[in-house]
Amino acid sequence: MTTKSKLIIHIGTGKTATTFLQKKIFPQLQKMEKIIFLEKNLSSLKKIFYTFRVIDDLNNKELTKEIQNYRSSIISSLKTNKIPHIISAEWLHGWDPDMWERLLLLNKLIFSGLADSVQIMISFRSTKSYLDSIYNQMILIGNAPKSPRTFYLDSETHKTAARFLGTSSKGLEIFCLDKLLYKNLFDYYSKSFSKTFAFKMSEILDLEFLKHLNICDEISLSYLNKTLLESKNSIYVNRSYSLIAIKMTYMRENLLTKMGFKSFDGLDALRKVGFKVIADLALSKQIDKKFFYQIYNSNKTNISRVMLFFFKIHNRFKKFFIWKNFMQTFINNFFDYKKPNYDYDFFADFKKIETENEDFLNLDIEKRIF
C-alpha cells in the first residue's frame, strides 16, 4: 500500500508561540523522525513573497518561475521522505487582515497539489492580547508608531492611508482592525485546502495541537513535554517588550529624530529586499543571469578565509548589541517587568470584533477543524 504524502503549513498568526514551535518543537519532532521540518527552504519562500509584494501580479513570469522552482524542491523532498512535512512561517497569512484574501491566492499557487493532503494550521490568541503584542512588535522592529490610534484603523481610513503610504505600509505602519475576524481567515483556507486547523494559543503551549495533527504518539508527546518544561524554567524568557523597554525605545527614537537620524525599521528592511528584487528583475532583462552568477560565485570563492572568519565574529558581536536583543535579553529579564496595556475604546467596533473572535475560539476544537 502506497503511503499518502502530507504537507502541513503553519501560516501564523504571529505572536502565538511561533518562535517556540520553530526553535523547540518542530526541530525535536524532526530529530525523532516524526516530521521533516522544511526550515532551510524558507529563504526561497521569502523570495517569492517579496517578489509578489513588489510585482503584485500573480501571472508574472518571474514570480511563476520562482514558484515552480520552490514547488519542485518540496515535491522532491516529499518523494524522498515518506513522513509528514511541515512549513512554519507566521508571515504567510499576511499580518494585515486587509491582505488575507490576496495572500490566500498566492498560497494556493504555491502549495496546492504539492502533496496528497495539504493541510493548513492557524494559531490564534485573544484579540486584545494579540493587538497588544503586534503593537509591541512594531516598536521592537523600529517602527514605533505614534499610538495605537494611528496604527489600528477602520477600513475606510486604512484604504486612504494605504493609498498615501503605499501597499508596503500594510502590517508595518497601518493595520485594518475592521477585518480582524478569525473565522474569516479560517473559512478562506478551509475552502481551499484539504484540511484546516484553528488552534488556540493554549492548545499550542500544552502541545494539544499535535494530537489533532496526527503526527505524534503518546511517548513522543511525553518527551516533548519535558522540552516544554525546560523552556518554561529558562532564565531568559522570550516575551514582548516591557513598559521600561517601550519607554526607552521611544526616547531613543525622539533623540535620533532631533539629531536628524532614524533607526532602521521593518519598512526599511522590506524596501531593502524589495529594491534587490527590482534590481534582479532589471538584470534579467539586461544580461544573461547565468553568466552574472558565474562571475559572482567565482569572485566569492576568492574572498580570504581570514576575512570570512572575522566577518562571522563581527556579526555575532553585533547581534548582542542590537537594540531589540538588548531590550529582550537584558532589560526584560533583569529589570521589573511590567506588561504595557493599551486601550482600544477609541475603535467603535472593537467590542463587536472581540466578541466574534472569542465566540470562534470558544468553539469545541472539532468545530475549528474542517
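Let me start with a term: buried means under 20% relative accessible area, exposed means over 50%, and partly exposed is in between, using a 1.4 Å probe and protein chains only. Keep that in mind, everyone, as we walk through this one.

What you see above is a predicted model, where local features need pLDDT of at least 70, side-chain atom pairs count only at pLDDT 80 or more, and totals for chains, interfaces and linings use all residues. Residues are numbered from 1 along each chain as its sequence is written, and side-chain values use heavy atoms, with hydrogens and water left out.

Salt bridges, then. The whole structure has 11 of them, a salt bridge being a side-chain nitrogen of Lys or Arg within 4 Å of a carboxyl oxygen of Asp or Glu. One of them pairs glutamate 66 with lysine 47, at 3.4 Å from N to O. This pair links distant parts of the chain, with glutamate 66 in helix H3 and lysine 47 in helix H2, 19 residues apart. (Helices are DSSP runs of H or I, at least four residues, and strands are runs of E, at least two, numbered from the N terminus.) Lysine 47 has 33% relative accessibility, so it counts as partly exposed, while glutamate 66, at 19%, counts as buried.

Now look at helix H8, residues 182-190, which holds both aspartate 187 and lysine 183, four residues apart, or about one turn of the helix. Their side chains form a salt bridge at 2.8 Å, N to O. Here aspartate 187 is buried because its relative accessibility is 19%, and lysine 183 is partly exposed at 44%.

Arginine 252 and glutamate 253 make another salt bridge, with their closest N and O atoms 2.6 Å apart. Both partners are buried: arginine 252 at 19% and glutamate 253 at 13%.

On to the backbone. Which peptide bond is cis, with omega near 5 degrees? That would be the one from glycine 12 to threonine 13, and threonine 13 sits in the loop between strand S1 (6-12) and helix H1 (18-31).

Two residues other than glycine have a positive phi: aspartate 56, near 55 degrees, and leucine 207, near 65 degrees. Aspartate 56 belongs to the loop between helices H2 (42-55) and H3 (61-80), and is partly exposed, with a relative accessible area of 43%. Leucine 207 is in the loop between helices H9 (201-205) and H10 (208-213), and at 0% relative accessible area it is buried.

That's my tour, so over to you for questions!
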